[in-house]
Amino acid sequence: MKKWLACLMILSGLCIAGKSEAATLKIVALVNGEIISSEDIQNRINAFLLTTQIPYNEQTKDMIAQRVLNLAVDEKIKLQEAAKNGIEISQEELNDQWRTFEKNRKIPMGQLKKILKEAGVSEKTFAEQMKADLAWVRVVRKKSYAEGTLTQKEIEQAMEEARKDLTTPKYMVSEIYIKKSNARNLNDLVSNLRSDPRFELYAMQFSESASAANGGNLGWVNAGKLPSALETALKRMKPGDVSEPIQVGDGFYVLKLQRIFDPAKDKPELPDEKAIRLFLENQKMETLSKKLMQDLRQRAVIEIRG
């Protein structure tokens, strides 16, 4: 509870700004005709800071604003797609999710509403975010079931590949990828990453790579499989190091080296069939979710207003 109260103190100035802006409400974006207002965005910024506890300062504020806007657009798209598929989230389900959120974050039961109010976050906005997430899981599951289940052959092939893979040197590495057009604050981001150990949290919020959903975690990557500029940087790093921004093509990477695997020294551990099945199922869901969102975004009529 103390951690949440400390976060509220940090947010106090931002909340005052949010209240003053409400009097001059503006349309920030339209998603298939549905409005995202300046009040919506302010609520979401406050909620973002409350739930992530990422510092809000000169180094992060522009990236946070852009991230929150993208999330608000995705939220509209998720709810619109759920409605098209006849998927509805009941109030009882939202109440259960609300209690789960409190429990997972060790917030005393019934105190979340008070915390949100003091942080300048409307209950409606917070509930809509929960509703969008719950609905999206159902949309993706529905699409996944339509594609069929994993076969035993697929599982056996994955296990054989895992056996062969354990004879190759590799890195366990996480990434943050930012397109060149959005890379104005990269050096500031690296500075934050080197003082804040939560690389995965920053990757989930700011990375423009598909790995963002996994906190930027690429897992074990075989030596020689990454672009040469990234491989060169990794060879100079020690476990725990965060790289400088590395340009590859039309974007920049920031890497964090977690571990190094040397088959000549380290004992390999082969995952069992249950672990392989779970990995493949999660991989399938993640791939489907990303592709579906990408397709829906491309078809959506999105108007961003400055």
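**Group meeting: a walk through the predicted model**

Leaving out neighbours within four places in sequence, Ala 135 is in contact with Ala 82, Ile 87 and Ile 89, where contact means heavy atoms within 4.5 Å. Ala 135 belongs to helix α6, residues 123–147. Helices here are DSSP runs of H or I with at least four residues, strands are runs of E with at least two, and both are numbered from the N terminus. At 1% relative accessibility, Ala 135 counts as buried. Buried stands for under 20% relative accessible area, exposed for over 50%, and partly exposed for what is in between, with a 1.4 Å probe and protein chains only. Ala 135 and Glu 88 are 47 residues apart in sequence, and their C-alpha atoms are 7.0 Å apart in space.

A word on the source. This is a predicted model, in which local features need pLDDT of at least 70 and side-chain atom pairs count only at pLDDT 80 or more, while totals for chains, interfaces and linings use all residues. Residues are numbered from 1 along each chain as its sequence is written, and side-chain values use heavy atoms, with hydrogens and water left out.

Now the cores. Which residues touch the most other members of the largest nonpolar core? They are Ile 41, Phe 126, Ile 176, Leu 189, Leu 193, Phe 206 and Val 254, out of 57 residues in that core. Helix α3, residues 61–84, gives the most to this core, with eight residues. A second, separate core has 13 residues, among them Tyr 171, Val 221, Ala 233 and Leu 255. By nonpolar core I mean a set of buried Ala, Val, Leu, Ile, Met, Phe, Trp, Tyr and Cys residues joined through side-chain atoms within 4.5 Å. As background, nonpolar side chains tend to be buried together in soluble globular proteins.

Not counting residues up to four places away in sequence, Ile 176 touches Leu 189, Leu 193, Phe 199, Tyr 202, Ala 203, Ser 207, Phe 252, Tyr 253 and Val 254.

One of those, Ser 207, is in the loop between α9 and β4, the latter being residues 217–222. Is Ser 207 buried or exposed? Ser 207 counts as buried, at 7% relative accessibility. A polar atom of the Ser 207 side chain lies 3.0 Å from the backbone nitrogen of Tyr 177. For the backbone nitrogen of Ser 209, the distance to a polar atom of that side chain is 3.2 Å. With residues up to four places away left out, Ser 207 touches Glu 175, Ile 176, Tyr 177, Ile 178, Tyr 202 and Ala 212.

On to helix pairs. The axes of α8 and α9 come within 9 Å and cross at roughly 150°. The two helices are therefore roughly antiparallel to each other. For the cut-offs, under 35 degrees is roughly parallel, over 145 roughly antiparallel, 65 to 115 roughly perpendicular, and the rest oblique. The axes are lines fitted to C-alpha atoms, for helices over the stretch in contact, and the angles run from 0 to 180 degrees between N-to-C directions. Leu 189, Asn 192 and Leu 193 of α8 meet Phe 199, Tyr 202 and Phe 206 of α9 in this contact.

Between α8 (186–195) and α9 (199–206) is a loop that holds Asp 196. Asp 196 is buried, with a relative accessible area of 10%. Its side chain makes a polar contact with the side chain of Arg 198 at 2.9 Å, and another with the side chain of Tyr 202 at 3.1 Å. A polar contact is a pair of N or O atoms within 3.5 Å; within protein, one must be able to donate a hydrogen and the other to accept it, and residues adjacent in sequence count only if both atoms are side-chain atoms. Beyond four places in sequence, Asp 196 is in contact with Pro 55 and Tyr 202.

The second pair is α7, residues 152–165, and α11, residues 273–299, which pack at about 110° with axes 10 Å apart. That makes α7 roughly perpendicular to α11.

Last, two backbone angles. Most residues other than glycine have a negative phi. Gln 53, not a glycine, has a positive phi of about 60°. Gln 53 lies in the loop between α2 (38–52) and α3 and is partly exposed, at 27% relative accessible area. Lys 106 is not a glycine either, and has a positive phi of about 55°. Lys 106 is exposed, with a relative accessible area of 69%.
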